[in-house]
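Me: I would like to learn how to read side-chain features in a protein model, one feature at a time. Could we begin with the aromatic rings?

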Amino acid sequence: MARGNVAEFTVSELSGAIKRTMEETFGYVRLRGEISGYRGPHSSGHAYFALKDDRAKIEAVVWKGVFGGLAFKPEEGLEVIATGKVSTFPGTSKYQIVIERLEPAGAGALMALLEERKKKLAAEGLFDAGRKRPLPFLPQLVGVITSPTGAVIRDMLHGFNERFPMHVILWPVRCQGETCAAEVSAAIRGFNTYTPRPDVLIVARGGGAIEDLWGYNEEIVVRAVAASGIPVISAVGHETDWTLIDLVADARAPTPTKAAEWAAPKYAELLAKSADISARLNAGVFRQLEAKRNALRSAGRGLPRLQDLISLPRQRFDASAGRLERSLAAYAAAARARAQTAFIRLNPHVLRAAFTRRRDALQAHEQLLRSRLDKSLAARRARHGVLAARLRPSTLAMRLERAGERLAAQSRAALQAFGRVAERRRVLLRRNGDRLRPTMLSAPTERGRERLGLLEARSERGLRAVLVRRRERLTATAQLLNSLSYKNVLERGFAVVRDEAGAMVRRAAAAPSASALEIEFADGRLPVHTAPRNPAEPARPALSADGKAKKRAQPKQDQGRLL
């Protein structure tokens with residue numbers, strides 16, 4: 001076989017030839033298929049997805065300018081009719097269709113089957129919100145159903161170690177393919193019969209197209225989750241993906257890492273909350289004791305002494321007795337003075353009789369007053385006796401003793417409660433202290449150090465790349481500046497004329513008015529002295545080499561294009 005006659009191509013030449021052949025052969029085509037792998041517009045504004053049927057798949061792209069003008073936006077699983085050009089992408093040796101118009105053609109087969117299955121299971125009540133169970137607050141054992149070789153399980157274990165280290169049991173399954181549904185449903189049933197039984201199950205998988213996630217839409221998986229006696233967290237796909245297992249699970253996490261955060265509370269937050277509750281409990285106990293102590297003191301200060309209770313009535317009684325004695329003495333003195341005056345004025349016999357009657361009246365009045373005073377004193381004495389019987393020191397001492405017993409009982413109860421709480425906190429802290437090991441801190445530190453090294457290497461590579469791009473941009477700018485410089489024009493035989501101020505002289509009429517001119521060539525400058533011209537003198541025509549006046553060039557009517 002002669003090899004010398006075979007044409008030799010570079011990879012770029014062959015890729016370009018294939019691209020031109022595809023575009024010239026097919027041109028514009030109308031393609032009917034189901035949209036697959038659509039995740040919305042890219043950050044650049046372009047949209048990338050695939051069109052497929054039951055036997056083949058073709059990559060598709062909608063450029064940013066076309067995507068904004070589409071009357072119908074693409075959606076995952078819809079069957080559409082796309083109009084565009086068939087082309088290739090030499091960077092990956094793939095052929096694709098560049099879509100310029102998109103029309104709906106109906107729902108795809110998979111989406112139609114999925115909607116039918118969703119309605120059937122919803123009619124049976126498997127998706128009802130009343131069936132959802134709350135997740136355990138602090139699970140002791142977590143069951144994870146996913147692939148053991150993917151990045152999902154590593155991210156989840158990293159999340160568990162950072163938040164709250166706990167026991168995790170992995171049930172390895174295939175996350176896509178024909179056996180995916182059977183393995184996932186068997187794992188859910190197996191965990192329900194496993195000893196020890198997990199407190200919560202997590203079904204996890206990374207994102208993908210609807211075909212990759214189809215195993216989690218199978219009826220056997222949905223019924224296995226519905227029959228599970230353990231709460232199930234669904235973490236299948238990304239936040240934009242959805243499957244039937246998301247509707248039947250007790251909780252649906254947007255990512256597998258978020259599912260690990262939902263299953264395990266943060267250890268630091270639990271410690272902070274426990275310390276806050278303990279401090280509040282201690283403060284409450286101390287406030288109650290202080291309030292009881294202050295109330296007892298206030299009650300003791302509010303009770304008056306026995307002497308204080310009877311001192312005021314005793315003073316009133318003594319004052320009344322003194323006023324009565326003084327009143328009797330004054331009345332007797334006044335009566336005696338009146339009697340003496342009357343005795344002088346009247347007959348002694350009449351006076352004696354009147355005096356006798358007055359004396360008898362005074363004696364009777366005195367006896368009446370004495371009897372009333374005795375009755376009043378007896379009543380007051382009886383009343384004071386009743387008050388004295390009520391205000392015995394023994395009664396007050398008994399009440400104080402009962403209050404002291406109640407205070408002592410409350411103090412003992414408070415101390416016992418405080419001791420029990422302190423003992424529980426001591427046991428909890430000892431248990432948490434046994435769990436804390438230097439390796440728990442060294443492992444995150446080592447990972448952080450590795451990550452810091454990776455970030456440092458990435459930053460160095462990025463800095464070098466930025467410097468290279470800046471250097472290339474500066475070189476290109478310098479080349480552009482050099483190409484646009486007037487010195488390149490001087491190299492081609494042209495010259496620049498300047499006046500004495502350094503300004504460019506662009507017209508011949510301006511040259512005679514300058515006192516001196518300077519002509520700049522490519523290799524240097526040459527000064528030229530000119531004589532000033534009289535303004536009234538007409539301008540001389542330019543002479544040719546043979547001394548004849550040159551004719552003024554007339555502008556051409558059609559000069560053509562300047563290439």
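Me: Which residues do ring pairs link into a cluster?

Reply: Rings of Phe, Tyr and Trp (its six-membered ring) pair if their centres lie within 6.5 Å, and planes under 30 degrees apart count as stacked, over 60 as edge-to-face and the rest as tilted. In this structure, Trp-171, Phe-191 and Tyr-194 are joined by ring pairs into a cluster. Please keep in mind that this is a predicted model, in which local features need pLDDT of at least 70 and side-chain atom pairs count only at pLDDT 80 or more, while totals for chains, interfaces and linings use all residues. Residues are numbered from 1 along each chain as its sequence is written, and side-chain values use heavy atoms, with hydrogens and water left out.

Me: How many aromatic pairs does a search of the whole structure find?

Reply: The search finds five aromatic pairs. One of them joins Phe-191 and Tyr-194, which are edge-to-face, at 6.4 Å centre to centre and with 75° between the planes.

Me: Is Phe-191 buried or exposed?

Reply: Buried means under 20% relative accessible area, exposed over 50%, and partly exposed in between, with a 1.4 Å probe and protein chains only. Phe-191 has 0% relative accessibility, so Phe-191 counts as buried, whereas Tyr-194, with a relative accessible area of 34%, is partly exposed. Another pair is formed by Phe-286 and Phe-418, whose ring centres are 6.2 Å apart and whose planes stand at 45°, so this pair is tilted.

Me: Where in the chain are Phe-286 and Phe-418?

Reply: Helices (H or I, at least four residues) are DSSP runs, numbered from the N terminus. Phe-286 belongs to helix H9 (residues 267-302) and Phe-418 to helix H12, and the pair links distant parts of the chain, 132 residues apart. Phe-286 counts as exposed because its relative accessibility is 51%, while Phe-418 is partly exposed at 33%.

Me: How many salt bridges does the structure hold?

Reply: Side chains of opposite charge can pair when their charged atoms come close. A salt bridge is a side-chain nitrogen of Lys or Arg within 4 Å of a carboxyl oxygen of Asp or Glu, and the structure holds 19 salt bridges. Among them is the one between Glu-290 and Arg-293, with 3.0 Å from N to O. These two residues are three apart in helix H9, so about one helical turn separates them. Glu-290 is partly exposed, with a relative accessible area of 37%, and Arg-293, at 33%, also counts as partly exposed.

Me: What is the N to O distance between Arg-252 and Asp-246?

Reply: Their side chains meet in a salt bridge at 3.5 Å, N to O. Arg-252 is partly exposed at 27% relative accessibility, but Asp-246 is buried, with a relative accessible area of 9%. Salt bridges also link Lys-120, Glu-124, Glu-219 and Arg-223 in a network.

Me: Which residues gather in a patch of positive charge?

Reply: Patches are made of residues with over 30% relative accessible area and no salt bridge, and like charges are joined within 9 Å. On the surface here, Lys-292, Arg-399, Arg-402 and Arg-406 gather in a patch of positive charge. Helix H12 (residues 393-435) gives the most to the patch, with three residues. Arg-406 lies in helix H12 and is exposed, with a relative accessible area of 53%.

Notes: Patches are made of residues with over 30% relative accessible area and no salt bridge: like charges are joined within 9 Å, nonpolar side chains (Val, Leu, Ile, Met, Phe, Trp, Tyr) within 5 Å. Accessible areas come from the Shrake-Rupley method with a 1.4 Å probe; for residues, only the protein chains shown count as cover. Lys and Arg count as positive and Asp and Glu as negative; His and the chain ends are not counted. The place of a charge is taken as NZ of Lys, CZ of Arg, CG of Asp or CD of Glu.
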